Amino acid sequence: MSRQTRTGCIFSPYDAIVCNDQVVEQSLSHALCRLEAEYDRDACDAMDVEEDDAHSVAQATLGDGMLGEILDADSCNQTPVAASSKAEKDKKRRQKKRQERKKDKFWSKGHPPTQEMLRIVDQMEAIDARVQQGSVENLPSASCGYQAIRDGPERSRRVRSLDEALLDGYKVIKWDGRLTKVITTETKRVVIGVCVGHAQDEDWTTVGQDAYSAISKAAADIADLDAPRTPNPRGNFATLLSGIIHGHGSQEAHQVKTGRYADVIQGLKENASIKRLAGFASASFQMFAPNVFSYYLDRMKSLNTHRPLLQRPFARSVFACAGFNIGHRVAAFMHRDCMNCPFGWCAIHALGDFDHELGGHMLLEDLKIAIEFPPNSLMLIPSAIIKHGNAAVAEGGVRASFTQFTPGNLFRFIDCGFQTESSLQIQDKDRYRHMMELKKSRWIEGVKLWSTVEELQAIAKDVAQSSF
């Protein structure tokens, strides 16, 4: 079967994500072009309002007569040429401010400008990885296609050092968190993960630092609550979860129970910097895995229609769940997030202050690579099927992480008509048989949703050209 491409779903603005029971449908192939125009118009309107307000304040303070005298005095003191030159300078200054505001709006909502997208795709590097199992199709997805085969953490349940990983045959991939690198298969150049990096904002470092400060404060807050916690199977740190899940015997999709941590988690979700990280991660997911993103978006829209009270952690992110990994030097044991959608991606932000060349690497066991993972940078990986963890953070460094993901069981609940498989078998036997038949191909069809490097390059160029 040929690879599925749905270029009509590429780079849609996130207003297309369901929010408050409304879905704004867009002509997606030209979405960014129109979105840029809208933001440009908004910036112009804001500038005009500011100038009008300034004029109104001056009138209220000085009176019409005195204001007129000041304006007349200014005009008398300028030659026509000087006035024209000043007007041109003011116009250029306003245009520059508009561009800066427009770009900031894009990045703050997770949307890089069209030309910025084209630049990222043109300049990105490929990490050619060899899957130890021979091909991505052989990675350990469960037969249902909604989750991966359970694979517990290492027997030692400890964090590996970078030296130990090197002795085990890992290859170090240098990465400064600036240049985007896509993780691809050696033969077909299928993109199976992305070292995205961060937005090219001058203040992005401040965004990361603020997010880390918020998570550090949350760590202190939960310590003050002195609540008993079960050991975390993924590492020696605490994890605060929020979002929508289904499973463990539940008959309905439901919100993660946050208990006494509810206020702490709500504070993290309301943090402006964390919101920016969430939107940026979701936009990056859309950019590098557009077909998988559409799979997520379609189902989250449907869930919102049928269960409007269920809320994703962030309105401008397609992911159903978010996790905050808090601790002094957060580093995960080697593990698979087997309950996540196997062909889906997990967004991971590294936060803190540590030397990324000495520790904190993302270890991908099925690919035998150790990728440097700098603070304030984003990585997207299929965390359900690729066994992963972190190299230990060097002494003197501090690290936390912020993740987003969607459980595969939630998709199963949606696909079964917002009920369990056992309920579907009773309610609609024909649909149940159809769902059982789809199990045979769901994993392989899911893999076909991943894009190749060439497909991403073609899409970026097409969107950029359509903006002119």
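**Entry 1: an aromatic pair**

I take buried to mean under 20% relative accessible area, exposed over 50%, and partly exposed in between, with a 1.4 Å probe and protein chains only. I am reading a predicted model, in which local features need pLDDT of at least 70, side-chain atom pairs count only at pLDDT 80 or more, and totals for chains, interfaces and linings use all residues. I number residues from 1 along each chain as its sequence is written, and side-chain values use heavy atoms, with hydrogens and water left out.

For ring pairs I used Phe, Tyr and Trp (its six-membered ring), with centres within 6.5 Å; planes under 30 degrees apart count as stacked, over 60 as edge-to-face and the rest as tilted. Searching the whole structure, I found 14 aromatic pairs. In one of them, the ring centres of Tyr295 and Phe343 are 5.1 Å apart and the planes stand at 85 degrees, so I recorded the pair as edge-to-face. Because Tyr295 belongs to helix H8 (residues 290–306) and Phe343 to the loop between S7 and S8, the pair ties together parts that are 48 residues apart in sequence. I also recorded Phe413 and Phe418 as an edge-to-face aromatic pair, at 6.2 Å centre to centre and 80 degrees between the planes. Phe413 is buried at a relative accessible area of 1%, and Phe418 counts as buried at 11%.

I then asked which residues the ring pairs link into a cluster. They are Phe285, Phe293, Tyr295, Tyr296, Phe319, Phe343, Trp345 and Phe411. Over the face of Tyr295 I found Arg299, 3.6 Å from the ring centre; the rule asks for NZ of Lys or CZ of Arg within 6 Å of the ring centre and within 35 degrees of the ring normal.

**Entry 2: the nine-stranded sheet**

I took helices (H or I, at least four residues) and strands (E, at least two) as DSSP runs, numbered from the N terminus. Two strands pair if DSSP finds at least two bridges between them. On that basis, nine strands make an open sheet of mixed pairing, in the order S1-S3-S4-S11-S8-S13-S7-S5-S6. Strand S1 (125–129) and strand S6 (254–255) are the edges; each has a single partner strand, so one side of each is left without a neighbour in the sheet. S1 and strand S3 (residues 181–185) run parallel and are joined by five bridges. The bridge partner of Ala126 in S3 is Val182. I found helix H5 (residues 204–225) packed on the sheet, where it touches strand S5 (238–245), strand S7 (321–326), strand S8 (346–353) and strand S13 (398–405), its direction making about 75 degrees with that of S7. Helix H6 (residues 262–270) lies across S5 and S7 and runs at about 75 degrees to S5. Contact here means heavy atoms within 4.5 Å. Axes are lines fitted to C-alpha atoms, for helices over the stretch in contact, and angles run from 0 to 180 degrees between N-to-C directions.

**Entry 3: the four-stranded sheet**

I next read a sheet of four strands, open and of mixed pairing, in the order S2-S10-S9-S12. S2 and strand S12 (388–390) stand at its edges with a single partner strand each, so one side of each is left without a neighbour in the sheet. From one strand to the next, the twist averages 25 degrees. Strand S9 (residues 362–364) and S10 run antiparallel, joined by three bridges. Opposite Leu364 I found Ile369 in S10.

**Entry 4: salt bridges**

Side chains of opposite charge can pair when their charged atoms come close. I counted a salt bridge where a side-chain nitrogen of Lys or Arg lies within 4 Å of a carboxyl oxygen of Asp or Glu. How many salt bridges does this rule give? The count comes to 20 salt bridges.

Lys181 and Glu125 form a salt bridge through their side chains at 3.7 Å, N to O. Lys181 lies in strand S3 and Glu125 in strand S1, so the pair ties together parts that are 56 residues apart in sequence. Lys181 is buried at 14% relative accessibility, whereas Glu125 is partly exposed at 39%.

In the salt bridge of Lys174 with Glu372, the closest N and O atoms are 2.8 Å apart. Lys174 is in the loop between strand S2 (171–173) and S3, and Glu372 in the loop between strand S10 (369–371) and strand S11 (377–381), so the pair ties together parts that are 198 residues apart in sequence. I noted Lys174 as partly exposed, with a relative accessible area of 47%, and Glu372 as buried, at 3%.

Finally, I noted a network of salt bridges that links Arg160, Asp168, Glu365 and Lys368.
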